[in-house]
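Dear colleague,

Please find below the structure I wished to pass on to you, together with its sequence.

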Amino acid sequence: MKMETLINNLPEDLKEYIYEKVLEVRKPRKVLTRDLKDDIESYFLFDHIVHNYKIMFNGVHHMDWVENAIINVMNDHQTIGIGGIYMNVHQDIKNTFPNLNDEEISRTLIEESHVMRLWRHMPPKKRIDLYLESCDHIF
């Protein structure tokens with residue numbers, strides 16, 4: 001006997017019970033929030049951005065340019081610290097370095113590379129914006 005025939009021969013209340021149980025088992029245990037989904041979907045763009053910058057700068061110091069671009073986009077295209085002039089540091093960058101003040105953040109970014117740390121804390125929308133900017137520069 002085929003499974004379909006077997007199911008069709010069951011009483012209606014039992015078929016309804018089985019249907020409800022199947023739906024319950026198929027339902028996701030935890031639905032991702034929109035923010036988490038966007039974060040997961042945009043995280044992989046990093047390799048594409050690095051590749052685009054490698055093309056733009058012929059592989060010469062391209063990671064420095066990637067880091068500068070991340071900082072620039074995270075800080076809403078405002079200068080952080082050039083020539084001793086310090087602008088306000090955007091909250092996105094403050095979230096990356098929660099225990100530092102604006103001046104310490106500026107100094108840290110100038111003295112050391114934090115490209116992956118910045119990328120992990122970069123909001124998904126800004127990741128996508130940076131990816132689109134990098135594509136604009138090579139096309």
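At what angle do H4 and H9 pack, and how far apart are their axes? The model is a predicted one, and in it the angle between H4 and H9 is about 25°, with the axes 9 Å apart. Since angles under 35 degrees count as roughly parallel, H4 and H9 are therefore roughly parallel to each other. The crossing in which H4 passes H9 is left-handed. From H4, the residues that take part are Leu 45, His 48, Ile 49, Asn 52, Tyr 53, Ile 55 and Met 56. They meet Arg 127, Ile 128, Leu 130, Tyr 131, Ser 134, Cys 135, His 137 and Ile 138 in H9.

H9, which spans residues 124–138, also packs with H5. The axes of H5 and H9 come within 10 Å and cross at roughly 130°. H5 and H9 are therefore oblique to each other, and H5 passes H9 in a right-handed crossing. On the H5 side, Ala 69, Ile 70, Val 73 and Met 74 are involved, and they meet Lys 126, Leu 130 and Glu 133 in H9.

In soluble globular proteins, nonpolar side chains tend to be buried together. Val 66 touches Phe 46, Ile 49, Val 50, Tyr 53 and Val 115, when residues up to four places away in sequence are not counted.

The stretch that leads from H4 into H5 deserves a separate note. Most residues other than glycine have a negative phi. Asn 58, in the loop between H4 and H5, has a phi near 50°, a positive value in a residue other than glycine. His 61 lies in the loop between H4 and H5; although His 61 is not a glycine, its phi is positive, at about 55°.

Which of these residues are buried and which are exposed? Asn 58 is exposed, because its relative accessible area of 69% is over the 50% cut-off. His 61 also counts as exposed, at 56% relative accessibility. His 62, by contrast, is found in helix H5 and counts as buried, because its relative accessibility is 13% and the limit for buried is under 20%. Leaving aside neighbours within four places in sequence, His 62 is in contact with Val 50, Tyr 53 and Lys 54.

Finally, I would draw your attention to Thr 33. Thr 33 is found in the loop between helix H2 (12–26) and helix H3 (34–43). With a relative accessible area of 46%, Thr 33 is partly exposed. A polar atom of the Thr 33 side chain lies 3.1 Å from the backbone nitrogen of Leu 36.

With kind regards

Terms used. Residues are numbered from 1 along each chain as its sequence is written. This is a predicted model: local features need pLDDT of at least 70, side-chain atom pairs count only at pLDDT 80 or more; totals for chains, interfaces and linings use all residues. Side-chain values use heavy atoms; hydrogens and water are left out. Helices (H or I, at least four residues) and strands (E, at least two) are DSSP runs, numbered from the N terminus. Buried means under 20% relative accessible area, exposed over 50%, partly exposed in between (1.4 Å probe, protein chains only). A polar contact is a pair of N or O atoms within 3.5 Å; within protein, one must be able to donate a hydrogen and the other to accept it, and residues adjacent in sequence count only if both atoms are side-chain atoms. Contact means heavy atoms within 4.5 Å. Axes are lines fitted to C-alpha atoms, for helices over the stretch in contact, and angles run from 0 to 180 degrees between N-to-C directions. Angles under 35 degrees count as roughly parallel, over 145 as roughly antiparallel, 65 to 115 as roughly perpendicular and the rest as oblique. A crossing is left-handed if the near helix is turned anticlockwise from the far one by less than a right angle, and right-handed if clockwise.
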